[in-house]
Amino acid sequence: MVTIALEDIGAYYGRRLTVSGITTPIFSAGEIVAVIGPNAAGKSTLFKRMAGLLHGPGTVRVEGSGKGKRAISYMPQDTSANAVLTVYESILLARKQGSGWSVGEDDLRLIDQVMRAIDITDIAFRNLGELSGGQRQLVGIAQTLVREPDILLMDEPTSALDLHRQMEVLAFMREVARERRIIVFIAIHDLNQAMRFADKALVIERGQLRGAGPTGEVINRRLLHDVYQIDARIEPCSRGHLQIIVDSVASRTAAAPS
Amino acid sequence: MALATADAVAQEGRGLYRALAWRRMLIILGFALALAASFTIDIAWGPARYGLLDVISAILAPGSVSDKIRVVVWDIRMPMALMAVITGAALSLAGAQMQTILANPLASPFTLGISAAASFGAALALVAGISIIPFATNFMVPLNAFAMALLATLIIHFISQARGVTVQTVVLLGIALVFTFNALLAFLQYLASEQALQSVVFWTMGSLTKATWEKIWITLAVLLFALPLFARHAWALTAIRLGEDKAASFGVNVRAIRLETMLIVALLAAVPVSFVGTIGFVGLVGPHVARMLVGEDQRFFLPTSIMAGALLLSATSVVSKSILPGVVFPIGIITALVGVPFFFSLILSNVRRSW
């Protein structure tokens with residue numbers, strides 16, 4: 001079974017150590033981990049460090065994978081690059097990195113399967129430049145999935161999606177995590193969604209870890225007050241889902257660093 | 001949403017992709033045929049008129065035609081025609097990769113000052129007799145041109161890597177380089193003797209009449225050296241067009257590939273320019289034509305860029321001989337005149353896909 005744990009992780013952005021001292025419990029295959037925190041808290045930086053795209057101290061300990069560098073796949077926040085490529089080609093591209101020119105039937109079958117699963121077959125042969133922000137995010141998810149990683153780091157994958165699509169994508173990712181026995185980290189701002197779909201949560205603030213553990217325990221009134229400067233209650237709705245009800249918003253004098 | 005697959009729909013995606021790939025291969029084949037035709041016409045065309053059959057016989061079986069035809073075809077027209085094809089291919093390939101790694105539709109050896117730098121290097125040799133690379137006096141002009149082109153490329157590369165540098169900054173930098181090297185060139189021209197001035201002016205116009213077999217082999221060798229290196233990184237170079245972060249997330253070492261590509265581009269842009277002089281436009285337009293026709297998957301984009309550049313320059317070579325009977329105009333003057341109408345028609349018929 002694949003597991004991952006961060007041991008005293010830090011990350012340099014340029015010469016500045018923007019994330020430091022992050023040590024987490026062990027996360028296991030099948031789990032969804034919500035990575036939460038204010039804007040510019042260091043979530044993307046942490047993901048890039050975990051994916052090996054930034055340098056820094058500490059160890060990302062992955063066990064039970066056997067895929068080496070390809071074990072972890074990072075899905076960056078959407079870039080609006082408008083290469084003259086169709087959606088299908090851009091997903092094929094993600095699949096074929098590091099391999100030869102020929103495209104096998106297996107590659108194409110997997111791409112078709114993933115595109116069908118996240119319901120983007122209708123835009124398969126549109127150019128990337130013609131897509132909406134939400135469609136580009138879905139394509140990004142497909143590009144990440146066809147690389148078949150054991151650990152997936154998704155940087156705000158639902159920020160441009162409508163509510164229906166958000167629910168679909170998060171439910172789908174949970175299904176993928178369970179079925180393929182992979183670990184999915186999702187950086188997300190919507191804490192209600194995090195509580196609904198994630199098994200565990202990591203809280204990052206100003207480059208430091210503020211909490212890690214089961215979502216229901218980590219996301220609490222105190223966290224909302226200390227990290228988000230919000231007075232709120234967390235109460236179950238009539239169907240038992242936990243919901244955040246905001247009572248008041250305090251001024252953010254000690255705001256997060258930019 | 002479910003992982004279960006409806007195979008009928010999946011089949012559709014696979015099938016459509018295969019069809020798309022085939023269509024692109026047919027486009028490349030079409031280019032190859034057009035290039036063969038243009039090349040043959042280029043050899044058949046000239047002040048001395050020979051029948052097309054004679055020319056084809058002279059190409060395929062030199063022993064079967066008269067000495068006169070053989071000498072005209074093989075010693076005069078063939079080097080020029082071949083040089084047009086190889087130079088067009090090399091410049092277009094250089095432009096294609098510059099546009100790819102700088103994420104900039106305006107990038108080409110000409111627009112970013114690499115050709116201007118090469119011109120200045122050549123003029124240094126022609127006017128002042130200064131050799132940038134010592135002990136290489138035999139090839140002083142091309143080597144000077146190459147050294148200056150390399151310098152310009154490296155300046156562009158390293159500044160484009162600096163933090164906060166945008167696509168627009170790189171273009172502005174390129175324009176500044178064009179002006180700088182043109183000013184330095186004008187300075188040399190002002191000081192030059194009449195004879196040296198004439199050779200500099202002729203050189204900057206770009207002319208295939210300077211083609212020799214030796215120059216052809218060297219340029220071809222550079223092209224053949226560059227191709228496998230680019231081909232090896234085909235997927236990675238395509239990924240770079242999705243943005244640096246995305247490419248890195250696919251496991252691409254963006255910095256290393258950028259540097260390697262820029263060095264090869266310097267070689268590809270400088271060598272033909274140093275032999276035949278400044279030829280603009282083809283390095284800008286060849287890749288755009290390719291992009292509009294086959295997109296940016298490098299497996300198709302590379303060969304199509306090469307073919308488009310080669311065809312453009314080969315056709316230009318034919319035109320440069322056809323304007324006035326008995327006169328061969330320097331090809332650098334004609335490239336834009338031939339390419340612009342074709343380029344406009346493509347842009348207007350294909351606006352959405354043009355970058």
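Let's start where the two chains meet. The contact takes 33 residues from chain B and 38 residues from chain A. Keep in mind that this is a predicted model.

Which elements of chain B give two or more residues to the side that touches chain A? They are helix 1 (7–44), helix 9 (234–240) and helix 10 (244–249) of chain B. Helix 1 of chain B provides the largest share of that side, with six residues. Now sort the side of chain B that touches chain A by class. You get 17 nonpolar, seven polar and nine charged residues.

On to chain A as a whole. Chain A has eight helices and 13 strands. Its radius of gyration is 19 Å. The globule rule gives 18 Å for 258 residues, and the two values are close, so chain A is as compact as a globular protein of that length. Along its principal axes, the C-alpha trace of chain A spans about 55 × 45 × 35 Å. How much of chain A counts as buried? The figure is 44% of its 258 residues. Next, take contacts in chain A between residues at least 6 apart in sequence. Of these, 66% join residues at least 24 apart.

Now the sheets. One open sheet in chain A has six strands, in the order 7-8-9-5-10-11. The pairing in this sheet is mixed. Strand 7 (72–75) and strand 11 (208–214) of chain A are the edge strands, and each pairs on one side only. From one strand to the next, the twist averages 15°.

Strand 7 of chain A runs parallel to strand 8 (residues 151–155) of chain A, and four bridges join them. Find M75(A). Opposite it, in strand 8 of chain A, stands M154(A).

What lies across these strands? Helix 1 (residues 43–50) of chain A lies across strand 5 (32–36), strand 7, strand 8, strand 9 (183–187) and strand 10 (200–205) of chain A. This helix runs at about 150° to strand 8 of chain A.

There is another open sheet in chain A, made of three strands. The order is 4-1-6, and the pairing is antiparallel. Here the edge strands are strand 4 (27–28) and strand 6 (59–63) of chain A. Strand 1 (residues 3–7) and strand 4 of chain A pair over two bridges, in the antiparallel sense. For T3(A), the bridge partner in strand 4 of chain A is S28(A).

Next, a hairpin. Strand 2 (residues 9–13) and strand 3 (residues 16–22) of chain A are antiparallel partners, with four bridges. Y12(A) has L17(A), in strand 3 of chain A, as its bridge partner. Two residues sit between the strands of this hairpin, and G14(A) takes a positive phi near 70°.

Last stop: helix 8 (residues 221–228) of chain A. Which of its residues are buried? They are L223(A), V227(A) and Y228(A).

Definitions and conventions: Residues are numbered from 1 along each chain as its sequence is written. Chains are lettered from A and ligands numbered from 1 in the order in which they are written. This is a predicted model: local features need pLDDT of at least 70, side-chain atom pairs count only at pLDDT 80 or more; totals for chains, interfaces and linings use all residues. Two residues are in contact if their C-beta atoms, placed from the backbone, lie within 7 Å. Ala, Val, Leu, Ile, Met, Phe, Trp, Tyr, Cys and Pro count as nonpolar, Asp, Glu, Lys and Arg as charged, and the others, Gly among them, as polar. Two strands pair if DSSP finds at least two bridges between them. Axes are lines fitted to C-alpha atoms, for helices over the stretch in contact, and angles run from 0 to 180 degrees between N-to-C directions. The radius of gyration is taken over C-alpha atoms; the globule rule is 2.2 Å times the number of residues to the power 0.38. A residue is buried if 20 or more other C-beta atoms lie within 10 Å of its own, exposed if 12 or fewer, and partly exposed in between; C-beta atoms are placed from the backbone.
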